[in-house]
Amino acid sequence: MTATRSISVDAWMRGLSLLGALAAWQIVASLGDQSLLPTPATVLASMGHYLANGELLYHLGITLARVTASFLLAMAIGTTLGILMGRSRWVDTALDGILILGLNIPALVVAVLCYIWFGLGDVAAVIAVALNKIPTVVVTVREGARAVDHGLLDVATVFKLSRIRTLLRVYLPQLYPYLMGAARSGLALVWKIVLVVELIGRSNGIGFQIGTYFQFFDITSILAYTLAFACTVVIIEEAGLRPIDRRLTRWRT
Amino acid sequence: MADVRLFVTIRRKQYAGAAKPALEQLAFTAAAGEIVALVGPSGSGKSTLLNIVAGLDRDVNGEVQFDRPDARIGMMFQTSRLMPWLTVADNVRLVLGRDADGAARARQLLRDVGLDDVDDAFPRQLSGGMQRRVALARAIAVRPDLLLLDEPLVSLDAPTAARLRQTLLALWLQLKPTVLYVTHELREALAVADRILFLSRGPGRLLVDFTVELPRPRDPGAPALAAMHDRLLRAHPDLLDGSATLTSGLTDGEATA
């Protein structure tokens, strides 16, 4: 009972704060210069226009594909490295310097170098985004791997569980909170970097579109694309990550 | 029926960085279907010994052998060590492999240890005693030839401990595994074991190998058991090092002071 009620209260709070932001936007826009900040209604109409002619969905789809590919690539590689580094002091020492370097190299440098080395294509774009995200995944997952309860792994050893069963039912569940954290912060990072990478080296996707409208100083279109983008992020969080998180942490309640 | 004899020879076990060995010059055998209690004060290396027998600790100068190479081991750790993210039934099922009827067997095992209606609960929703029962169900689920029990009744209230002990002995009668039973309570050892091995304060050595000649079922409060308890302590004053804590209820610190 209490759980359902607090979820719906949460949803109300979330909705109210978004409405508040929208109202503030409306007030500021109607007071100021509308060519610099158009009203929400203008932006919504513009978004409707781009939705209707198919342009928005085309670019949004392409950006989503790039986000998905680089996100999965970064999670897979980052998780593997994080587990290895968390388990073995030797691997940790060997890779720690590179990790710190990776955490601190600007996203722009990685993107430019990838385009130069791998050509101005989607492969370079996806690699560039993944490279930017891998280090943060490694850091989070390594923390989880260090905190693994060896007592539970002993259970798997004594009862001679297969390696795959040990991994799926004993080891990885201990990492779920860390993997969820890495996925959440990682997805946010990937969104941002994908747009930059598109802006500098691709001829489609949201980032490219925003770059184009920037050249025309078309603020309404820029905001229309941003709004569509923000809606997509909220949908992915609410329909994807949050239910998964709730399912995986069901046992805590 | 299980019929596994156990041969343990430990010349020396020392943890890295420790000043003295945890175990030294310790050898014993356990007959098939026998319950052997390991009794000693804390720091006598009882849990270390159990981990070595379980194959969890291989960094030891010594051997552990079974007379059957495919001997199955079931173990109850000192804490229940259930997977908190698995339901009670899934915790038992975890060790059952790919059995098609694994779910049904897990449920039956939970009935066998006296748990009803908690199959779909998560471990943290259960009391300590119930968690211990789930751990017992898991330990016997593999139909062990060798059952290793590390203080299975510790920190349970007296009635809960008594019920769990009865369940344990009933299951032992049914499956007849060879049992190593670690405890620091002499009375508890006398109530369950066929033989008691007394370990010295660290480094753990074998002090006395005592055969408990009491008929089963035994009542831990029975006069015969209490008499044996007192006789044992009188006859072997060298056990007092380990037993003083049991009889007078002193803490370890006070006992050594």
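The model is predicted, with local features requiring pLDDT of at least 70 and side-chain atom pairs counting only at pLDDT 80 or more, while totals for chains, interfaces and linings use all residues. Residues are numbered from 1 along each chain as its sequence is written, chains are lettered from A and ligands numbered from 1 in the order in which they are written, and side-chain values use heavy atoms, leaving out hydrogens and water.

Chain A contains 10 helices and 0 strands, where helices (H or I, at least four residues) and strands (E, at least two) are DSSP runs numbered from the N terminus. The C-alpha atoms of chain A occupy a box of roughly 70 × 55 × 30 Å along the principal axes.

The table sets out two helix pairs. Axes are lines fitted to C-alpha atoms, for helices over the stretch in contact, and angles run from 0 to 180 degrees between N-to-C directions.

| Helix pair | Angle | Axis separation |
|---|---|---|
| Helix 4 (residues 89-104) and helix 6 of chain A | about 140° | 9 Å |
| Helix 4 (residues 128-141) and helix 5 (residues 158-175) of chain B | about 10° | 11 Å |

Contact, meaning heavy atoms within 4.5 Å, involves residues including Asp92(A) and Leu99(A) of helix 4 of chain A, and Val138(A) and Arg142(A) of helix 6 of chain A. This contact has 5 nonpolar, 2 polar and 4 charged residues. In these classes, Ala, Val, Leu, Ile, Met, Phe, Trp, Tyr, Cys and Pro count as nonpolar, Asp, Glu, Lys and Arg as charged, and the others, Gly among them, as polar.

**The helix contact of chain B**

At an angle of about 10°, helix 4 of chain B is roughly parallel to helix 5 of chain B. Among the residues that make the contact are Leu136(B) and Ile140(B) from helix 4 of chain B, and Leu164(B) and Leu168(B) from helix 5 of chain B. The class totals here are 6 nonpolar, 3 polar and 3 charged residues.

**Pocket and cavities**

On a 1 Å grid over the protein atoms alone, a cavity is a set of points where a 1.4 Å probe fits but cannot get out, and a pocket is an open set with protein on both sides within 12 Å along at least five of seven lines; lining residues have an atom within 4 Å of a point. Volume is the space filled by probe spheres set on the points, which are joined across faces, edges and corners.

The largest pocket holds about 560 Å³. Its lining has 20 residues, with Arg87(A), Leu153(A), Arg163(A), Thr166(A) and Tyr171(A) nearest the centre. By class, that lining has 9 nonpolar, 6 polar and 5 charged residues.

**Backbone details in chain B**

Arg216(B) and Pro217(B) are joined by a cis peptide bond with omega of about -10°. Pro217(B) sits in the loop between strand 9 (206-211) and helix 7 (223-235) of chain B. Asp117(B), although not a glycine, has a positive phi of about 65°.

Technical notes: Angles under 35 degrees count as roughly parallel, over 145 as roughly antiparallel, 65 to 115 as roughly perpendicular and the rest as oblique.
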